[in-house]
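We will begin with the whole chain and then stop at a few places inside.

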Amino acid sequence: MEARLDLLSNPVAGRIIKHFTAAGLAVKDAGLPAATRELVLLRVSQINGCAFCVDMHSKDAAHAGETAQRLHLVAAWREATVFTDAERAALELAEEATRIADAAGGVSDEVWENARKHYDEDQLVALIATIATINAFNRFNVIVQQPAGWYQVGMHS
């Protein structure tokens, strides 16, 4: 499989992706646990069918110490007992925010309030930014049919 467009060598794409990446890096100092961030990146990428990002974020999470069991179960987190209540709230927010068109009102008040129980304001901003930026990256990769499997940990750090 070959991508429709080479995002890595296109100068316009490079400038845009640089800004997306900067936004993603800005959340690292907001206090959102790294494990939560990685789980959200992986789950949103699964929902969007972005094979490149699923490959990348599962490898990055494993490298950072995430267990294989939790990585395998993130797609079925509701029925899995290996996630904390805070992680579950983040995954639920990520799903509703990613599937925003499926819910007439967007993210429900119930889901928002559940997230607020577990995260402070800075962490919520970081969570929202993480969800928004990974959705943008997913769309770039899905539209150009970016192939998966070649990513090596640290390539885009």
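Helices here are DSSP runs of H or I with at least four residues, strands are E runs of at least two, and both are numbered from the N terminus. Colour the chain by these elements and follow the pattern α-α-α-α-α-α-α along the sequence. That gives seven helices and zero strands.

Two notes before we zoom in. This is a predicted model, where local features need pLDDT of at least 70, side-chain atom pairs count only at pLDDT 80 or more, and totals for chains, interfaces and linings use all residues. Residues are numbered from 1 along each chain as its sequence is written, and side-chain values use heavy atoms, with hydrogens and water left out.

**Stop 1: the whole chain**

Show the C-alpha trace, which spans about 45 × 30 × 30 Å along its principal axes. The radius of gyration (taken over C-alpha atoms) is 15 Å, which agrees with the value near 15 Å for a compact globule of 157 residues; the globule rule is 2.2 Å times the number of residues to the power 0.38. Of the 157 residues, 40% count as buried, where buried means under 20% relative accessible area, exposed over 50%, and partly exposed in between (1.4 Å probe, protein chains only).

**Stop 2: residues 21–96**

Select residues 21–96, which an unreviewed UniProt entry annotates as "domain: Carboxymuconolactone decarboxylase-like". UniProt positions follow the numbering used here, feature names are shortened, and annotations may be inferred rather than shown by experiment. This stretch is 68% helix and 0% strand, with its end C-alpha atoms 23 Å apart.

**Stop 3: the cores**

A nonpolar core is a set of buried Ala, Val, Leu, Ile, Met, Phe, Trp, Tyr and Cys residues joined through side-chain atoms within 4.5 Å. Now select Val40, Leu93, Tyr119, Leu127 and Ile131: in the largest core, which has 20 residues, these touch the most other members. Helix 2 (34–48), helix 3 (51–63), helix 5 (85–98), helix 6 (109–118) and helix 7 (121–144) each supply at least two residues of this core. Which helix gives the most to this core? Helix 7 does, with five residues. Apart from this core lies another one of nine residues, including Ala61, Leu71, Trp77 and Leu91.

Click on Leu127 next. Leaving aside neighbours within four places in sequence, Leu127 is in contact (heavy atoms within 4.5 Å) with Leu32, Val40, Ala90, Leu93 and Tyr119.

**Stop 4: Thr130**

Move along helix 7 to Thr130. Is Thr130 buried or exposed? With a relative accessible area of 2%, Thr130 is buried. The side chain of Thr130 reaches the backbone oxygen of Ala126 at 2.8 Å. Not counting residues up to four places away in sequence, Thr130 touches Val27, Leu32, Arg37, Val40 and Leu41.

**Stop 5: Glu66**

Jump to the loop between helix 3 and helix 4 (68–73) and pick Glu66. Glu66 counts as buried because its relative accessibility is 14%. Show side chains too: that of Glu66 makes a polar contact with the side chain of Arg70 (2.4 Å). A polar contact is a pair of N or O atoms within 3.5 Å; within protein, one must be able to donate a hydrogen and the other to accept it, and residues adjacent in sequence count only if both atoms are side-chain atoms.

**Stop 6: Phe52**

Finish in helix 3, at Phe52. Draw a C-alpha to C-alpha distance from Phe52 to Val142: the two are 90 residues apart in sequence and 8.5 Å apart in space.
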